[in-house]
Amino acid sequence: MNILPLLLIVLLLAFPLTATAQTPDELIKSATTTPDKATQARLYKQAGDKLTAQDRMDQAADAFSKALAAARESFSSAERVQMAIYLSWADRLAESKEELTRVLAREPKNIAARTHLARVLSWSGELREAIVQADMVLKESPDHKEALVVKADSLQWQGRYVDAIPIYRRIIVRDGDFDARAGLSRSLLAVGNRTEALENRNSLKPGNGRQERELAKLSEAIDQETRPTLEARYNYYHDSDQNRLNRYSLAGNFWVDNQKYGISYRHTDASDPTRDNRADDLVFRIYSRLTDTLGAGAGLGFTRLADRHDSTFPAGHIRIDSKLFAGSAGANVTREVLTDTAELIENRIRMTNVGIYITQPVTERFLVYGGYNYKSFSDGNHANDLQFTSQYAIYLAPKIMIGHRFRLLDFHKQSQSGFFDPNNYIANRAFVSLYYESKFFYTYLDGFVGYETFRRNQVASDNFIHGGTGSLGVKPMTNLAIEVNVEGGNFSAGSASGFSYFIVGPRVLFRF
């Protein structure tokens, strides 16, 4: 009996079983020793698939990248799109975008490629282009779930929560999609609907490693926003007029349904060469989102001043704010007692402030802000205060911003009450800021240079100005942050007294 054909059949059957049994490392080793590019590419892809199944996405991405570089044309479009998806899961966004663009150049109507290109663009911060790509898919397939999710996510990241929420709800009603429910939770949290955000978070059931990581990030974001907090802070202030101040603050916040409550206490010891005075502030606060677009809050308390005798004055505020396009707008009325120097405490200066503001992102990287405040003081003085800021993000991670700040401050008169009260004060400042955050560390730095001009007591002043702020924080535990803050400069409108100043102090924040 001729058994050769039988042996050949057995060998052919055994070969794929042996290949299947190979580990990712063995497959990669085989790929490096294989001269044929197509075979090499196939082995790298097999290794990447196995690494993906083990949720080892960084190593998987390396394998997929080598597979595509070796012989991308040997793969089907579906395989190339899938590898591009896995590359994006490992934050290899530029490579993923390049591969998807290659596929679309050959197949412009490849919906899977265009949909994930939209997703990659959104993850890269190119939100307008992501929406354009998603809309192209939705034009051909109006109910395409992934394209709807990408569009809603991009709107959310633009700050257009009111536009994103109905899209998320539409998807969830249809099939309860994980990504849509996670996006809805984030959007509801952003508009202050804490209760429904928690309900959606609690109903999430992750089906893979990526979804587990997304749920962990969502839970952390919700906890940071909604868990009760206790904050302690100390600041030391000194200026070129020999004013000194030691300020101690303690504040707590907690939520009940969709209302945020808070209480804060502040003690101030202020001195100069001829005075040594004290002040204590206690304020109770409440804030609530009335609708998805409208919120309101109020605070009520008192300030007690102590020098040669004690005095107590009421203090408080009312505020209202609204989502407006991709930004926000609001108005507020505050009544406060000025306690930033010993002279202000002695003169018992109270201020009523009425203000409005608007802030809008023009693009994903360019933002503008405008605010106006009318200030009325208990010594009969009053002022108009106008501010504009424009800033551009030149880098997103870490976030590096450059921009310009303008301020116009004009008082009715010089009342000699201890606060900076110029006529026709104008300042222009160019600034650069940096924010970086990791799991255990974060820092914020902001520096500026500029020019100011004003008249006070019939004397004209024109000055070059400089200064900045900075903070450095560590997070030894998930619910604890410890930081040190520094601020200073010769910006006259930066302090109540109008002199060059320096502030330093620690801050501790604990979440229960």
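I started with Asp49, which is partly exposed at 30% relative accessible area; buried means under 20%, exposed over 50% and partly exposed in between, using a 1.4 Å probe and protein chains only. A note to myself: this is a predicted model, where local features need pLDDT of at least 70, side-chain atom pairs count only at pLDDT 80 or more, and totals for chains, interfaces and linings use all residues. Residues are numbered from 1 along each chain as its sequence is written, and side-chain values use heavy atoms, with hydrogens and water left out.

**Salt bridges**

I looked up the partner of Asp49 and found Lys45, in a salt bridge of 2.8 Å, N to O. The term means a side-chain nitrogen of Lys or Arg within 4 Å of a carboxyl oxygen of Asp or Glu. Lys45 counts as buried, at 13% relative accessibility. Both residues sit in helix 3 (residues 37-53), 4 residues apart, about one turn of the helix. Helices here are DSSP runs of H or I with at least four residues, strands are runs of E with at least two, and both are numbered from the N terminus.

Next I checked Glu99, which pairs with Arg72 in a salt bridge, closest N and O atoms 2.8 Å apart. This one links distant parts of the chain, 27 residues apart: Glu99 is in helix 6 (residues 93-106), and Arg72 is in the loop between helix 4 (57-71) and helix 5 (77-89). Glu99 is buried, at 1% relative accessible area.

Then I went to Asp340 and Arg247, whose side chains meet in a salt bridge at 3.2 Å, N to O. Asp340 lies in the loop between strand 7 (327-337) and helix 14 (342-347), Arg247 in strand 2 (residues 244-256), and they are 93 residues apart. Asp340 is partly exposed at 32%, while Arg247 is buried at 12%.

I also noted a network: shared partners join Arg72, Glu73, Arg80, Glu99 and Arg106 through salt bridges. The structure holds 39 salt bridges.

**Nonpolar cores**

What is in the largest nonpolar core? I found 28 residues, and those with the most contacts inside it include Ile167, Tyr168 and Leu184. Such a core is a set of buried Ala, Val, Leu, Ile, Met, Phe, Trp, Tyr and Cys residues joined through side-chain atoms within 4.5 Å. Helix 10 gives the most to this core, with 7 residues. Apart from this core lies another, of 21 residues, among them Ala31, Tyr44, Ala61 and Tyr86.
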